[in-house]
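Please walk through this fold with the model open beside the text. We start with the overall layout and then follow one stretch of the chain.

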Amino acid sequence: MKGTEQLKELALMQLKDKHPTIPEHALARPFYTDKTSNGLTKCVVHFIKLKGYQAERINSTGRLLERKSKSMSIFDSSRNINTGKWIKGSSANGTADISATIKGRSVKIEIKCRATGDHYQSADQKKYQKEVERAGGIYIIVRDFDSFLEWFKTFIRDGK
């Protein structure tokens, strides 16, 4: 069975446990795909949480500071115009896409989706990986959900 199908079954089992009085046919079927970076990130985060561990997506894009101003038209009517600028976020340069704690270990997960052709780490990401590993944390690059599942099974079994 494909990894995303296993994840759907795991999520459905949790829904059944959470809502025992709702018939199975009435439960919303979970949907997962690893064909996009966002989809793959969602798969990994949800799987880790469904297995009872902690995981969160890290947003490193910064934020938009909005500015509103009024503009007058040649017909003496005014309208509001929203403008703004992006400011740098507070996360470290090169930070991983997912931060998790599995079996008491800090795990940083970088998503490089095979289906979208996102293959290479930036220089900042490589530096961040070295910092995590030097501190005793675990850093992995995930390209598809099936390979993540293989890593997870090995990690749970061997603790490495």
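Helices (H or I, at least four residues) and strands (E, at least two residues) are DSSP runs, numbered from the N terminus. On that basis the chain reads α-α-β-β-β-β-β-α-β-α along the sequence. That gives four helices and six strands. The model is predicted: local features need pLDDT of at least 70, side-chain atom pairs count only at pLDDT 80 or more, and totals for chains, interfaces and linings use all residues. Residues are numbered from 1 along each chain as its sequence is written, and side-chain values use heavy atoms, with hydrogens and water left out.

Of the 160 residues in the chain, 32% are buried. Here buried means under 20% relative accessible area, exposed means over 50%, and partly exposed lies in between (1.4 Å probe, protein chains only). The second total concerns contacts, meaning heavy atoms within 4.5 Å. Among contacts with a separation of 6 or more, 58% link residues 24 or more positions apart.

Now turn to β5, residues 105-111. Five of its seven residues are buried, so β5 is largely enclosed by the rest of the structure. What pairs with it? Strands pair if DSSP finds at least two bridges between them. On one hand there is β4, residues 98-102, which runs antiparallel to β5 and is joined to it by five bridges. Ala100 stands opposite Val107 in β5. On the other hand there is β6, which runs parallel to β5, again with five bridges. In this pairing Ile111 stands opposite Val142 in β6.

The two connections can be taken in turn. β4 and β5 form a hairpin with two residues between them. Lys103 sits in that loop. Its phi is near 55°, a positive value in a residue other than glycine. Lys103 has a relative accessible area of 44%, so it is partly exposed.

From β5 to β6 the chain passes through α3, and this β-α-β crossover is right-handed. Right-handed means that, with the strands pointing away from the viewer, the path from the first strand over the helix to the second runs clockwise.

Helix α3 spans residues 123-134, twelve in number. From first C-alpha to last it reaches 17 Å, close to the 16 Å expected at 1.5 Å a residue. The expected span is 1.5 Å times one less than the number of residues. Which residues of α3 are buried? They are Gln125, Tyr128, Gln129 and Val132. These residues cover an arc of only 105° around the axis, which puts them on the same side of α3. The arc is taken from the directions from the helix axis to the C-beta atoms. Their cover includes β5 and β6 (138-142). The face turned away from the buried side carries the exposed residues Ala123, Lys127, Lys130 and Arg134. Just after α3, Gly136 takes a positive phi of about 95°.

Aromatic pairs come next. Rings of Phe, Tyr and Trp (its six-membered ring) pair if their centres lie within 6.5 Å; planes under 30 degrees apart count as stacked, over 60 as edge-to-face and the rest as tilted. By this rule there are nine aromatic pairs. One of them is Tyr128 with Tyr139, edge-to-face, at 6.4 Å centre to centre and 65° between the planes. Tyr128 lies in helix α3 and Tyr139 in strand β6, so the pair ties together parts that are eleven residues apart in sequence. Tyr128 is buried at 12% relative accessibility, and Tyr139 is buried at 7%. Elsewhere, Phe47, Tyr53, Phe145, Phe148, Trp151, Phe152 and Phe155 form one aromatic cluster.

Arg105 brings several of these parts together. This residue lies in strand β5 and is partly exposed, at 31% relative accessibility. Leaving aside neighbours within four places in sequence, Arg105 contacts Ala100, Gly136, Ile138, Phe155 and Gly159. The C-alpha atoms of Arg105 and Gly137 are 6.7 Å apart, although 32 residues separate the two along the chain.

Finish at Asp144, in the loop between β6 and α4 (145-158). Is Asp144 buried or exposed? Asp144 is buried, with a relative accessible area of 15%. Not counting residues up to four places away in sequence, Asp144 touches Asp34, Leu40 and Arg114.
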